[in-house]
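I set out to record, entry by entry, what I looked up in this structure. The entries follow the order in which I took up each topic.

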Amino acid sequence: MATIEECRSALDKLSDSMQRADGDVREAAALDRSVSCHITDLDVTFVGRMRGGRIEVRDTVPGPPPDKAEIRLAMTGDDLVALVDGELHFATAWGSGRVKLHAGPRDLLRLRKLL
């Protein structure tokens, strides 16, 4: 089972990848939205903001997200690490229910380029 530190490292790695992206992916990453990522098996939530092509994690809180972020993810720590490392495809994980993504319809359209 992935640790909180490994999950935080995976989010930092994802943020770095988004920052270096080009074209449509770069455009999708340029959203300015509040973000939460609930790690279900650890029952912690990383909260922050997607801005300037990066994910800025501002806090780690116990339990589910305290506020309703504009973009909300939920998954196990192992799935987060596997997604970021390219070992798990987002569409497969989302379709099977291993990853949950909640966002407004317009954001979902833009995020599909990123994910």
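**Entry 1: a helix pair.** Are α1 and α3 roughly parallel or roughly antiparallel to each other? I note at the outset that the model is predicted. I looked up helix α1 (residues 4–20) and helix α3 (residues 77–84) and found that they pack at an angle of about 30 degrees, with their axes 9 Å apart. An angle under 35 degrees counts as roughly parallel, and α1 and α3 are therefore roughly parallel to each other. I recorded their crossing as left-handed.

I then listed the residues that meet. From α1 these are Glu-6, Cys-7, Ala-10, Leu-11, Lys-13 and Leu-14, and from α3 they are Gly-77, Leu-80, Val-81 and Val-84. Sorted by class, this contact has 7 nonpolar, 1 polar and 2 charged residues.

**Entry 2: the cover of α3.** I found α3 mostly covered, with 6 of its 8 residues buried. The buried residues are Gly-77, Asp-79, Leu-80, Ala-82, Leu-83 and Val-84. I noted that they pack against α1, β1, β4 and α4. Just after α3, Gly-86 has a positive phi of about 80 degrees.

**Entry 3: the core.** I next asked which residues of the largest nonpolar core touch the most other members. Among its 26 residues, these are Ile-39, Phe-46, Met-50, Ile-71 and Leu-80. I also recorded that α1, β1, β2, β3 (54–62), β4 (71–75), α3 and α4 (90–95) each supply at least two residues of this core. For Leu-80, setting aside neighbours within four places in sequence, I listed contacts with Cys-7, Ala-10, Leu-11, Ile-39 and Met-75.

Entry 4: I looked up Ser-36 in strand β1 (residues 33–39). Ser-36 has a relative accessible area of 1%, so it is buried. Beyond neighbours within four places in sequence, Ser-36 is in contact with Thr-45, Phe-46, Val-47, Pro-65, Ala-69, Ile-71, Arg-72 and Leu-73.

I turned to Val-47, which lies in strand β2 (residues 44–51). Is Val-47 buried or exposed? Val-47 counts as buried because its relative accessibility is 18%, and the cut-off for buried is under 20%. Leaving out residues up to four places away in sequence, Val-47 touches Val-35, Ser-36, Glu-56, Val-57, Arg-58, Asp-59 and Pro-66. For the pair Val-47 and Val-35, I noted a separation of 12 residues in sequence and 5.9 Å in space, C-alpha to C-alpha.

How values were computed:
Residues are numbered from 1 along each chain as its sequence is written. This is a predicted model: local features need pLDDT of at least 70, side-chain atom pairs count only at pLDDT 80 or more; totals for chains, interfaces and linings use all residues. Side-chain values use heavy atoms; hydrogens and water are left out. Helices (H or I, at least four residues) and strands (E, at least two) are DSSP runs, numbered from the N terminus. Buried means under 20% relative accessible area, exposed over 50%, partly exposed in between (1.4 Å probe, protein chains only). Contact means heavy atoms within 4.5 Å. Axes are lines fitted to C-alpha atoms, for helices over the stretch in contact, and angles run from 0 to 180 degrees between N-to-C directions. Angles under 35 degrees count as roughly parallel, over 145 as roughly antiparallel, 65 to 115 as roughly perpendicular and the rest as oblique. A crossing is left-handed if the near helix is turned anticlockwise from the far one by less than a right angle, and right-handed if clockwise. Ala, Val, Leu, Ile, Met, Phe, Trp, Tyr, Cys and Pro count as nonpolar, Asp, Glu, Lys and Arg as charged, and the others, Gly among them, as polar. A nonpolar core is a set of buried Ala, Val, Leu, Ile, Met, Phe, Trp, Tyr and Cys residues joined through side-chain atoms within 4.5 Å.
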